[in-house]
Structures are given as C-alpha cells and as structure tokens.
Amino acid sequence: MQVNRKNVVSWLVFDLDHDNPMIWEDAALPPPNLIVRNPKTSSAHLYYAITPVLSGPGARQKPVDFMKAVYRSLAQKLRADLAYSGPVAKTPGHPWWETTELHNFEYSLGELQPASELEYEPPWRGVPDLETVSHSRHCTLFEQVRFYAYAIVRQEREQGSESSFIKRVEQYARSKNRFSGRHYKSSKLRQSQVRATVKSITRWTWSKYYGAADCARGTMLLDRAMPLPEKQRLAARYTHKERVKKTEEKIRTAVTNLEAQGVALTQKAVAEASGLSRQTVAKHKHLLTPTGRNVVDFLSEKQRLNANKSNVKNAVYQIAARLSVPLLFDRGCYLVPSRILTIEPALVSVSEGDNGMGLDTS
C-alpha cells in the first residue's frame with residue numbers, strides 16, 4: 001500500500017532486510033508504531049507515525065531537510081535499506097505479514113531528534129572527490145560507495161558477516177545509482193555494472209581495510225565507553241604534550257646545527273633556524289645551552305679516559321698485535337694478492353702526512 005499521501009509525509013517507514021525487527025531496542029531508539037514482518041524471512045517494515053510534514057512544491061525547505069536528517073540518522077542506526085524511498089510499503093494487517101502494533105502515539109520530529117542525533121554526517125572521515133571524477137558515472141559511483149564501505153566494515157566484522165556487509169553496500173550503491181539531470185547520456189548504470197562495482201569494493205575492503213571510520217580517538221587507546229567530554233579532555237592534554245615535544249625537538253636540532261656553524265645561540269638565530277617564532281623560542285630558552293656535541297676533541301677525550309692507565313699508549317693509530325697484510329699486485333683492471341706480508345709491531349711505524357697515512361716496514 002502507499003502509506004503517505006502526495007506531498008505530505010505522515011509516516012517514516014524503514015525497510016529492514018536483516019532478520020532482527022527488534023533492532024530499535026538494541027539501538028535504544030523509540031519504539032515504532034507498527035512492525036510488519038515477513039514470517040518466512042523475518043525482514044520487516046517499521047512504521048513511525050509523525051506529525052505531518054508538507055513536502056510539495058510550496059513547502060518550506062527547512063522542515064523537509066529536518067525530516068530527512070532524522071530519517072537518515074534513524075536508518076543508519078536501524079541498519080535499514082538506504083535505497084528504499086517508498087512510496088509502497090507492506091500493508092499492515094494483511095494475511096501475508098505478521099503485524100504488531102506497539103502503540104498509537106504520534107511522534108514529533110523534535111521527539112525523534114535526540115535519539116537520531118539530528119546533525120547527520122556520513123560516518124566516514126574522508127570525503128569523496130566527486131569533482132575530479134564527475135566525467136564518469138562509474139567513477140562517481142565508485143568514489144561514493146567505497147567511503148560508505150570503509151565506514152561500516154568494522155561494525156559488520158563485529159556484529160554481522162561478510163554477506164550482510166555486501167548486502168548493505170549494494171543497497172547503498174543502488175540508492176546512489178541516479179544520474180538524472182546531469183550531462184550523462186543515461187540516468188542509471190545497469191544493475192550488472194553496479195554489482196561489479198560493489199564486488200570490487202567489498203572484496204578489497206573486507207580483506208584489507210582496517211582503518212577507523214569514526215573520529216580518530218584510537219591513538220591513546222581510550223575505552224570506547226568513556227564519556228566524550230572526558231575523552232576530549234584527555235586528548236587535549238595529550239595533544240599539548242606532543243606539540244611541546246615536537247617544538248623542543250626543532251629547537252634542539254637548530255641549536256646543534258648553529259653550534260656546528262659557529263653561530264651564536266641567540267633567540268633570533270634559533271627562531272630562524274627552527275622555523276619557529278621568537279616568542280616560542282623564548283618560552284624554551286633553557287634549551288639554548290650549548291651542547292658541545294659537534295666540537296669534541298676525541299684525542300683529548302681519549303687521553304683523559306686513559307690518564308690512570310700506565311699500559312696504554314696515546315697514539316692516534318696503534319697496531320697492537322701481529323698483523324698479516326696481503327700485498328696486492330696490479331693486474332690492470334683489478335688487484336690480486338701477490339703474497340702475505342707478516343708485520344711485527346716492533347718493526348712498524350705509522351706516519352700521517354699530506355697524502356694520507358703511510359706504513360713504513362723498512
């Protein structure tokens with residue numbers, strides 16, 4: 001039967017293709033007025049009676065947008081078919097269906113708003129780049145559907161199955177397969193083309209995609225049941241700490257580089273080298289102390305460490321053991337060992353000149 005009159009919406013009807021007509025209870029939503037269920041498959045239509053909303057040519061747009069936002073959000077929570085748009089629905093009381101009437105209360109959209117979180121937004125963080133692919137219906141559909149698949153795959157892994165995931169993505173793809181009024185030759189893709197797109201997206205997403213679809217709150221591994229204000233407070237503290245850490249890393253790197261160049265460590269010089277403002281550097285002025293890491297006199301340091309050891313010679317190069325050195329014979333394009341020269345430490349001296357280090361075996 002056609003539930004709503006022309007240009008007037010008095011019922012919100014949700015088409016459930018899954019076998020849980022009581023999902024509204026699981027999602028803590030208001031009870032529907034009617035549940036009309038198929039006894040063979042357990043799929044159902046849920047009827048919500050609402051204060052009538054005019055939807056004709058002369059209707060105000062804001063109430064219509066308000067109603068659509070409530071409907072979309074409830075449909076997401078009920079896991080209803082987003083491709084369903086009426087106007088025909090299962091007839092309550094017909095012998096083919098099992099009809100359950102829960103109450104005869106008429107909801108206002110304002111009463112459904114808290115449960116449906118009115119400010120509906122797609123549950124994915126990324127945004128389809130439709131402008132880039134506007135030349136192709138296939139690419140436009142692919143771009144829209146893949147983001148929806150990313151959004152629901154985690155929920156389906158936890159609560160559903162691969163088949164239910166594919167079914168939901170296919171329903172969404174059918175709802176988006178409308179290209180009338182654009183510059184395309186035909187208004188819709190063939191069903192076989194839609195199914196091929198869905199198959200490509202769902203196969204890859206189910207096996208390979210493990211990103212988060214909601215707001216990125218996974219870095220701190222917070223409890224999902226934690227109240228949002230508490231999450232935000234902890235996240236703000238964490239973000240501040242990370243920002244300070246990165247700022248200090250930039251300043252330390254700039255200090256080290258300036259020391260190597262012999263530049264005085266002024267706040268202005270460090271600010272220019274680090275790309276930070278002088279005010280930010282001033283807040284971390286305790287980091288402007290010279291590190292000295294790039295001006296180490298390694299020989300002096302070695303002498304200092306060995307000062308109390310009488311059996312250590314402070315030579316720059318020291319051969320402390322019997323050494324076997326292969327003498328190399330030049331064969332033109334490569335060197336080959338001619339014979340092995342055994343060197344006794346007492347007979348060897350090492351010198352360092354302009355042409356590098358030399359070995360005197362005479």
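Visitor: Is Asn7 buried, partly exposed or exposed, and what is its relative accessible area?

Guide: This is a predicted model. Asn7 is partly exposed, because its relative accessible area is 35%.

Visitor: What value does phi take at Ala28, and where is Ala28 found?

Guide: Ala28 is not a glycine, yet its phi is positive, about 60 degrees. The residue sits in the loop between α1 (23-26) and β2. With a relative accessible area of 64%, Ala28 is exposed.

Visitor: Which residue takes a positive phi in the hairpin of β2 and β3?

Guide: Ser42 does, with phi near 70 degrees; the hairpin has 6 residues between the strands.

Visitor: How should I read the pairing of strands? Which way do β1 and β3 run, and how many bridges join them?

Guide: Two strands are taken as paired when at least two bridges are found between them. Strand β1 (residues 8-16) and β3 run antiparallel, joined by 8 bridges. Asp15 stands opposite His45 of β3. Strand β2 (residues 34-37) also pairs with β3 in the antiparallel sense, over 4 bridges. There, Leu34 has Tyr47 in β3 as its bridge partner.

Visitor: How many residues of β3 are buried?

Guide: Strand β3 (residues 44-54) is mostly covered, with 8 of its 11 residues buried.

Visitor: Now the charges. How many salt bridges does a search of the whole structure find?

Guide: The general idea is that side chains of opposite charge can pair when their charged atoms come close. In this structure the search finds 8 salt bridges.

Visitor: Which residues are linked in a network of salt bridges?

Guide: The network links Arg79, Glu156 and Arg168. Take the salt bridge of Glu156 and Arg79 to begin with: its N to O distance is 3.2 Å. These two residues are 77 residues apart and link distant parts of the chain, with Glu156 in helix α4 (residues 137-159) and Arg79 in the loop between α2 and β4 (98-101). Glu156 also forms a salt bridge with Arg168, where the closest N and O atoms are 2.8 Å apart. That pair joins helix α4 to helix α5 (residues 162-176), across 12 residues.

Visitor: Where do Arg252 and Glu248 lie?

Guide: Both lie in helix α7 (residues 228-261), 4 residues apart, which is about one turn of the helix. Arg252 and Glu248 form a salt bridge, with 3.9 Å between the closest N and O atoms. Arg252 counts as partly exposed, at 41% relative accessibility.

Visitor: Which residues gather in a patch of positive charge on the surface?

Guide: The patch holds Lys68, Arg72, Lys176, Arg178 and Lys188. A residue needs over 30% relative accessible area, and no salt bridge, to be part of a patch. Arg72 is partly exposed at 36%, and its place is in helix α2 (residues 61-78).

Terms used. Residues are numbered from 1 along each chain as its sequence is written. This is a predicted model: local features need pLDDT of at least 70, side-chain atom pairs count only at pLDDT 80 or more; totals for chains, interfaces and linings use all residues. Side-chain values use heavy atoms; hydrogens and water are left out. Patches are made of residues with over 30% relative accessible area and no salt bridge: like charges are joined within 9 Å, nonpolar side chains (Val, Leu, Ile, Met, Phe, Trp, Tyr) within 5 Å. Accessible areas come from the Shrake-Rupley method with a 1.4 Å probe; for residues, only the protein chains shown count as cover. A salt bridge is a side-chain nitrogen of Lys or Arg within 4 Å of a carboxyl oxygen of Asp or Glu. Lys and Arg count as positive and Asp and Glu as negative; His and the chain ends are not counted. The place of a charge is taken as NZ of Lys, CZ of Arg, CG of Asp or CD of Glu. Buried means under 20% relative accessible area, exposed over 50%, partly exposed in between (1.4 Å probe, protein chains only).
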